[in-house]
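Subject: Handover of a structure and notes on its contents

Dear colleague,

Please find below the structure that I am handing over to you. I would be grateful if you would read the notes that follow with the structure open beside them.

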Amino acid sequence: MQTQVKIHILIEFKSGPWGGGNQFLKGLREKLIEKEVYSDRPENSNVAIFNSHHNIKNVIKYKIKYPDKLLIHRVDGPMSYRGDKGKKLDRKIFQINSKISDGTVFQSNWSKEENIINGMEVGSKSIVINNAPDPKIFFPSKQKNNKKIKLISTSWSNNLDKGFDIYHFIDQNLDFDRYDMSFIGRTDKSFENISFIDPLPSKILADKIRDHDIFIFASKIEACSNSLLEAIHCGLPAVARNTSSNPEVLRGNGEIFNDEKDVIEKINLVSSKLNDYKKNLNYETMDTIADKYIDYCKSFLSSKTYNKKPPIGLIDRIKLGRTLI
């Protein structure tokens with residue numbers, strides 16, 4: 001008889017606009033509750049999912065208290081593009097994965113390959129599962145009749161790697177007689193032609209996205225962008241930068257660009273075929289993503305050959321306490 005899977009997510013959930021991992025895992029939790037495989041109480045679960053390097057003190061406490069329960073590590077990064085701080089985070093993630101993770105979920109093939117290049121040891125029980133947004137919030141709208149074609153971008157970080165070189169180029173070079181553009185989130189400096197809106201709660205954000213036609217995504221390094229997925233699930237084709245996991249996540253739902261030389265051209269191309277792109281949007285729903293997580297967890301519980309990570313010994317507890325916290 002197959003063991004019933006009960007999943008707990010080891011994260012301190014934040015309300016309002018927050019990071020992509022928090023937003024995705026909130027949506028995943030809701031879907032797992034709907035499918036009756038989620039437990040709010042860790043002691044009643046047999047699998048726990050934790051995220052990257054976050055909330056590690058509680059993850060280690062969980063591993064010590066419940067050595068027979070499975071720990072699934074949802075990996076981010078790699079973070080090395082952030083310099084020394086990012087390399088330190090990578091080392092932390094790699095050690096966590098090696099010492100206490102029974103399974104590893106990568107958000108994209110790009111993320112998996114880059115983490116391995118950066119030194120992560122990946123066992124045979126790793127998997128790639130993309131993200132998806134909450135379907136009750138991010139869903140398509142009916143046909144719009146905007147006088148101008150409306151573009152939109154979002155970013156909760158004002159880090160320059162989030163694509164501000166491109167957004168400021170567009171601000172100065174886009175034909176604003178033909179287009180309107182909005183930017184929601186945090187920016188490094190003000191725009192002249194692009195309308196700026198402070199970060200918004202998810203429901204209001206989704207309404208704003210649905211009021212637009214094309215999503216512009218210029219971030220340089222993304223393991224699997226929730227912002228890009230949220231826009232696609234709201235019915236918007238995208239023009240996305242040809243870096244990291246962006247082409248993989250885009251899945252043909254728009255066009256990729258390389259830099260300032262072709263971004264306007266790609267915006268015009270999507271604009272000229274806007275209805276065709278909207279009719280043929282292709283993406284995985286949260287329902288599908290949740291099923292993949294459930295099946296992955298079940299594969300451990302039903303496996304007769306799987307070697308589970310042993311309980312944390314005293315030496316490893318000391319090492320983890322020194323290096324991970």
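Predicted model: local features only at pLDDT ≥ 70, side-chain atom pairs only at ≥ 80, totals over all residues.

Residues are numbered from 1 along each chain as its sequence is written, and side-chain values use heavy atoms, with hydrogens and water left out.

Some conventions apply throughout. Helices (H or I, at least four residues) and strands (E, at least two) are DSSP runs, numbered from the N terminus. Two strands pair if DSSP finds at least two bridges between them. Axes are lines fitted to C-alpha atoms, for helices over the stretch in contact, and angles run from 0 to 180 degrees between N-to-C directions.

The five-stranded sheet

Five strands, in the order β1-β2-β3-β4-β5, form an open sheet with parallel pairing. β1 and β5 stand at the edges with a single partner strand each, so one side of each is left without a neighbour in the sheet. From one strand to the next, the twist averages 25 degrees.

β1 is joined to strand β2 (residues 47–51) by four bridges, and the two run parallel; Ile9 stands opposite Ile49 in β2. Strand β3 (residues 70–75) is likewise joined to β4 by four bridges, in parallel, and Arg74 stands opposite Val105 in β4. Between β3 and β4 the chain passes through helix α3 (residues 84–100), and this β-α-β crossover is right-handed (with the strands pointing away from the viewer, the path from the first strand over the helix to the second runs clockwise). Helix α3 lies across β2, β3 and β4, running at about 160 degrees to β3.

β4 is joined to strand β5 (residues 126–128) by three bridges, and these strands run parallel. The bridge partner of Val105 in β5 is Ile127. The chain goes from β4 to β5 through helix α4 (residues 109–117), again in a right-handed β-α-β crossover.

In a regular strand the side chains alternate between the two faces of the sheet. In strand β4 (residues 103–106), Gly103 and Val105 point one way and Thr104 and Phe106 the other way, and all are buried (under 20% relative accessible area; exposed is over 50% and partly exposed in between, with a 1.4 Å probe and protein chains only).

The six-stranded sheet

Six strands form an open sheet in the order β8-β7-β6-β9-β10-β11, with parallel pairing. Its edge strands, β8 (195–197) and β11 (254–257), each pair on one side only. The twist here averages 20 degrees from one strand to the next. Strand β10 (residues 238–241) pairs with β11 in the parallel sense over four bridges, and Phe257 in β11 is the bridge partner of Arg241.

Two helices pack on this sheet. Helix α6 (residues 202–210) touches β6 (149–155), β7 (179–185) and β8, and its direction makes about 150 degrees with that of β6. Helix α7 (residues 226–233) touches β6, β9 (214–217) and β10, and its direction makes about 170 degrees with that of β9. Contact means heavy atoms within 4.5 Å.

Helices α5 and α9

The axes of helix α5 (residues 164–173) and helix α9 (residues 263–272) come within 10 Å and cross at roughly 70 degrees. The two are therefore roughly perpendicular to each other (65 to 115 degrees; under 35 is roughly parallel, over 145 roughly antiparallel and the rest oblique). Ile166, Phe169, Ile170 and Asn173 of α5 make the contact with Val263, Ile264 and Ile267 of α9.

The buried residues of α5 are Phe164, Ile166, Tyr167, His168, Ile170 and Asp171. The elements that cover them include β6, β7, β9, β10, β11 and α9.

Two single residues

Thr154 has its place in strand β6 and, at 4% relative accessibility, counts as buried. Not counting residues up to four places away in sequence, Thr154 touches Ile184, Leu205, Phe215 and Ser227.

Lys14 is found in the loop between β1 (7–10) and α1 (20–34). At 33% relative accessibility, Lys14 counts as partly exposed. With residues up to four places away in sequence not counted, Lys14 touches Asn22, Gln23 and Lys26. The C-alpha atoms of Lys14 and Lys26 are separated by 8.9 Å, the two residues being twelve apart along the chain.

Yours sincerely
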